[in-house]
Amino acid sequence: MGESVKQYSKYGSYEIEEKLELFFPSVDVRINRDDEGNFSYLRKDSEGNIVEKIIPSVSKKIRIEVAPIRPLNYPARRTNFVYLKFDKEVFLSEGASTSFLVRCPIEIGIFLVNEPHKDSMDWFTCDPSSSRFGLYGEPDTGKLCKYYKVPIVKSELDSELHLSCVMKVNFVNLLERGYSITKTIFPITDHLLYYKGEKSQLDSLKVTLRKRVAVEYVETAEVPLTQNDWTQSPSWEKDTQTPSMEMGLE
Amino acid sequence: MGKRYADAIDGDGVGIMFHEIFESLDSFEIAGTEFSLFNLVIGTIIMLAGFAVARISKSLFNKYYAPVLPEHTAKNFGKMIYFGIIIISFLVFTTSTGIDFSGLLVAGGILGIVIGFATQSVVSNLISGIFLLIEKPAKQGDSIELPDSGIAGSFVDVNAFSTRVRKFDGTIMRIPNEKFFTSNIRVLSDSPVRRHETTIGIAYKEDIDAAIEVLKKTICSRIPYVLHEPEPSFRVDELGDSSINISIFVWHPKEDWGKVAPILLKFAKNALDDAGIEIPFPQRVVWKGD
């Protein structure tokens, strides 16, 4: 007799009248209605950490939304920037441009839906061991980022349920020499996440390598996705908009 | 006299009545300067109004503008507004009452020298405070350390004569501005990241590379606040009396010293224990001659 495979819950809205159980990699969530008409929320992870909340409700049912959110909160919210280190080096010759897809980690947000509002109720990561910090630049002037080693993937559907989304990165090299690209750093709070069933995507990123007088620098800008059949994730944290950003080239 | 008051009241001029009452009183003289009671009352009203305006202005500033300014700047601006209005009120008061300070200048000059010597440290602290406000060696809330004094804590504010630092044990340390200004100040929270280091010893018989590999793997996987870029680094620091001492260097976000430093050595020790790598006790080999 084969071992039963746990089916993970999908992204999307769930209406709860009595109880709901959601399963994620290494995290289980249970929502129950109690005798007084309130709902109780319980999250338990594989290390035994438990989060409990009471959701007072005047109606007989509540609606929640499970959606991917930006990977900024675990172990603590310290930055808006993400540092993606690619598993393969991409060489871009002088004047060339290319685009490829990378897997970008995500966290999971649980939102209480009170149309038209979606209130941030809880968040967690299903892969705490890969969520780390990194520094881009020098210790005194550098930028603290969330640091992830990410693979380059082939399809927009190569995201992993509850663990990662896919992001398209467009690189343009306007320098007078070829350049090896091993990483990208950008403010992820400019980017929106989208989901459809088990898949998720992040707004694209355009990275331009430029030269001003004698200084070589990187300019990054967010490019919104245009697919209409994907659902936009609610934002967990306050959005900040930076149309484009310049950083020194390492 | 009684008829004049009656006329004033009849004319619905209460103000005129008071004016005439005060004007009718004799003026008096202090130190050669003639004062009238009317002018003193007006001057007092000006001063009281000045205090009220200063307080209201400061409250309005604190309510509407201070929240968008850095805390330290807002506090200093608030003080400037308050005392600026009071000083202006005082100047108006002296003008309206006819007080002439020129007579005090000669005496004040001599007195100033005497007071200057007596209050040298007070003036020094005041001037140092002004320079500290200009230089801004730290922002409010920054973690700082004065290595010479052994004081470490959170920078609170700069006042007229002293600077306040909230020590990490929660107590407030008042430091004279002059001392603070001339001290070496180490700002611990100015950079986005900080480095912490510790040392652990392994037995001479152990494989150094294997020990470093075990330490690195454990630190990276078990302490989420340790930066992976730059990654933890290790250095064989010393061939000690009893052990090979390995220094461990890890970077962490500036806010998270407390989540890394106190547990780093514990995780390092546990990692070596789990891998069966000996951490030797201090030992001495005694050779007995035949």
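Visitor: What makes the link between the side chains of S243(B) and N245(B) a polar contact?
Guide: The side chains of S243(B) and N245(B) are joined at 2.8 Å, and the cut-off for a pair of N or O atoms is within 3.5 Å. The value meets that cut-off, and the pair counts as a polar contact. Keep in mind that this is a predicted model.

Visitor: Why is S243(B) called buried?
Guide: Its relative accessible area is 11%, and buried means under 20%. S243(B) is therefore buried.

Visitor: Where in chain B is S243(B) found?
Guide: Look in the loop between strand 9 (233-239) and strand 10 of chain B.

Visitor: Which residues does S243(B) touch, leaving out those up to four places away in sequence?
Guide: They are G201(B), I202(B), Y204(B), E238(B) and P280(B).

Visitor: How much of chain B counts as buried?
Guide: Of its 290 residues, 31% do. Chain B also has 9 helices and 10 strands.

Visitor: Now the interface. Why is the pairing of D256(B) and R78(A) called a salt bridge?
Guide: Their side chains meet at 2.7 Å, N to O, and the rule asks for a side-chain nitrogen of Lys or Arg within 4 Å of a carboxyl oxygen of Asp or Glu. Across the interface of chain B and chain A the rule finds 2 salt bridges.

Visitor: How many residue pairs are in polar contact between chain B and chain A?
Guide: The count is 6 residue pairs, with both residues at pLDDT 80 or more.

Visitor: Which part of chain B gives the largest share of the side that touches chain A?
Guide: Helix 8 of chain B does, with 3 residues. By class, this side of chain B has 11 nonpolar, 3 polar and 5 charged residues.

Visitor: How large is the area buried between chain B and chain A?
Guide: It is about 1,400 Å², and carbon and sulfur atoms give 62% of it. P192(B), P224(B) and E229(B) supply 38% of the area that chain B buries against chain A, more than any other three residues. The contact takes 19 residues from chain B and 15 residues from chain A.

Visitor: What confidence does the predictor give here?
Guide: Chain B averages a pLDDT of 85, and 86% of the residues score at least 70. For the complex, the predictor gives an ipTM of 0.87 and a pTM of 0.75.

Key:
Residues are numbered from 1 along each chain as its sequence is written. Chains are lettered from A and ligands numbered from 1 in the order in which they are written. Side-chain values use heavy atoms; hydrogens and water are left out. Contact means heavy atoms within 4.5 Å. Buried area is the accessible area (1.4 Å probe) that two parts lose on being put together, summed over both. A polar contact is a pair of N or O atoms within 3.5 Å; within protein, one must be able to donate a hydrogen and the other to accept it, and residues adjacent in sequence count only if both atoms are side-chain atoms. Helices (H or I, at least four residues) and strands (E, at least two) are DSSP runs, numbered from the N terminus. Ala, Val, Leu, Ile, Met, Phe, Trp, Tyr, Cys and Pro count as nonpolar, Asp, Glu, Lys and Arg as charged, and the others, Gly among them, as polar. Buried means under 20% relative accessible area, exposed over 50%, partly exposed in between (1.4 Å probe, protein chains only). pLDDT is the predictor's confidence in each residue, from 0 to 100.
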